Amino acid sequence: MRFPNTLFARTSLTISGALLIFILFTGFVVLNYMLLPVARQSAGDLAALMVLSARTWTELLASARKDFQKELRSSHDLILQATPPEAPLKALLLHSPYMLFLEEALSTRLGQTLHIHQSDETPDLYWAILPIAGKTLYLGINHDHIGAEPPRAVVSIFLGASLFILLTTLLVVRRITRPLETLSRGVQRLGQGTHSLPLPEDGPRELADLARKFNQLSSEIERLLENRTTLLGGISHDLRTPLARLRIAAELLRGREDDDLLDSMQQDMEEMDTLITRTLELARMMQQDGQQDKETDLAVLVAEIGAARTEAGRQLHIEAASSCKAVINKLVLRRILNNLLDNAFHYAGEKPVGLHLHCSGSKAQICVLDQGAGIPDDQLGRVLQPFYRLDPSRNRGTGGSGLGLAIVQQLAQLQGWKITLNNRKAGGLSACVEIPRDQPGQQQS
């Protein structure tokens, strides 16, 4: 017989088997240390009553014996008579523990070996033949008089406990394995590239967390696939325009030289090279492995970046704490801030740009503030996607390739940081990167 290989079957059998073994052990202990002693005591009490009744009967006057027999029958459900029953008696073939204890107790009290008998006509009536005071008395005991039945008690406990264990195990294991089956089907659909509905995030906390993580992973994979499609579409669209211009220029150059036309062709080629460079940069960022992080003073890093911009003639206003240390990848953060600053200076024109560092015990936040036109609220999230540009015409004179903020977003996600874009009340855009500082060993200075 092949052992079932499903998690539900194996878990159910394992738990049920272990609990049934425990119930058997418990039944054995209860039987030996509780039920059997109680049955022995009860049999001893009944044997004492039977011997006492028989001896009392022999000591009574003949006229009082019938009344005594009636009293025994009504009060103790015992039949006492001096003549044998009408039906022939035979010794018991199968003895319950109680009957063995009763025979033992009667034998001890009367000083000789005695047995309990039974007739075919009245199987529920047991007879004991008692030799007392030179007489032989027959004492009948109804089966209902026997109160302690250890085997029946043990069997009842085992059957009841087994049924309870089976139902409880099936219910508990089913509640645990059902979310796992749903998760397995979701993983299978995800592996096949089929769009899957979000898994229900209910049940035990651990399984709900697992479903929540799977839903997040599924959403991220779908977003990556969308970014890949957008990436390919953006490259095709943006390369088609300069290629068309180059094709036209090549036709115009036939048989003549035109410096302006050559300059235009050179500009188109540089534009294509820039686009390819930024696209490759984004692709590397999406596949980048984790690099070693080091403790860095963010205030010093912000000051270095600000100094480089100021030397280049940019108007940059810096606000930073005296010291703010965090374990980070310094090169990645520098690239993120430079991309945000490039974007801010592009849209701010001649207006100054702010670079602010806010530091707390659990996180650090670096914000780049410009005074440009801002971004419509319904497009704040979309501008972080590759090749998305506010200008639908994709004119290079009004914007870049649409990859600057996408690279920032990808770099931040790889490091576990958070990028937020918000329009400022005074006008312009606030672009912030939030960095956790609550790793072991990090302290606010």
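Trainee: What makes the link of Cys367 and Cys432 a disulfide?

Mentor: Keep in mind that the model is predicted. The cut-off is sulfur atoms within 2.5 Å, and Cys367 and Cys432 sit at 2.0 Å, S to S, so the pair counts as a disulfide. With 110° about the S-S bond, the link is right-handed.

Trainee: Why do you say that this pair ties together separate parts of the sequence?

Mentor: Cys367 belongs to strand 10 (residues 363-369) and Cys432 to strand 12 (residues 429-436), so the tied parts are 65 residues apart in sequence. Both cysteines, Cys367 and Cys432, are buried.

Trainee: The structure holds two disulfides. Which cysteines does the other one join?

Mentor: Cys324 and Cys359, again with S to S 2.0 Å. That link is right-handed, with 75° about the S-S bond.

Trainee: Why is Cys324 called buried, and why is Cys359 called partly exposed?

Mentor: Buried means under 20% relative accessible area. Cys324 has 0%, so it counts as buried. Cys359 has 22%, so it falls in the class between 20% and 50%, partly exposed.

Trainee: Over to helix 7. How do you know that its buried residues line one face?

Mentor: The buried ones are Leu298, Ala299, Leu301, Val302, Ile305, Gly306 and Arg309. Viewed down the axis of helix 7, they fall within an arc of 160°, so they line one face. In general, an α-helix has 3.6 residues a turn, so residues three or four places apart point the same way.

Trainee: And what makes Asp297 a cap for helix 7?

Mentor: One of its side-chain oxygens lies 3.1 Å from the backbone nitrogen of Ala299, at the N-terminal end. The limit for a polar contact is 3.5 Å, so that pair qualifies.

How values were computed:
Residues are numbered from 1 along each chain as its sequence is written. This is a predicted model: local features need pLDDT of at least 70, side-chain atom pairs count only at pLDDT 80 or more; totals for chains, interfaces and linings use all residues. Side-chain values use heavy atoms; hydrogens and water are left out. Buried means under 20% relative accessible area, exposed over 50%, partly exposed in between (1.4 Å probe, protein chains only). Helices (H or I, at least four residues) and strands (E, at least two) are DSSP runs, numbered from the N terminus. The arc is that of the directions from the helix axis to the C-beta atoms. A polar contact is a pair of N or O atoms within 3.5 Å; within protein, one must be able to donate a hydrogen and the other to accept it, and residues adjacent in sequence count only if both atoms are side-chain atoms.
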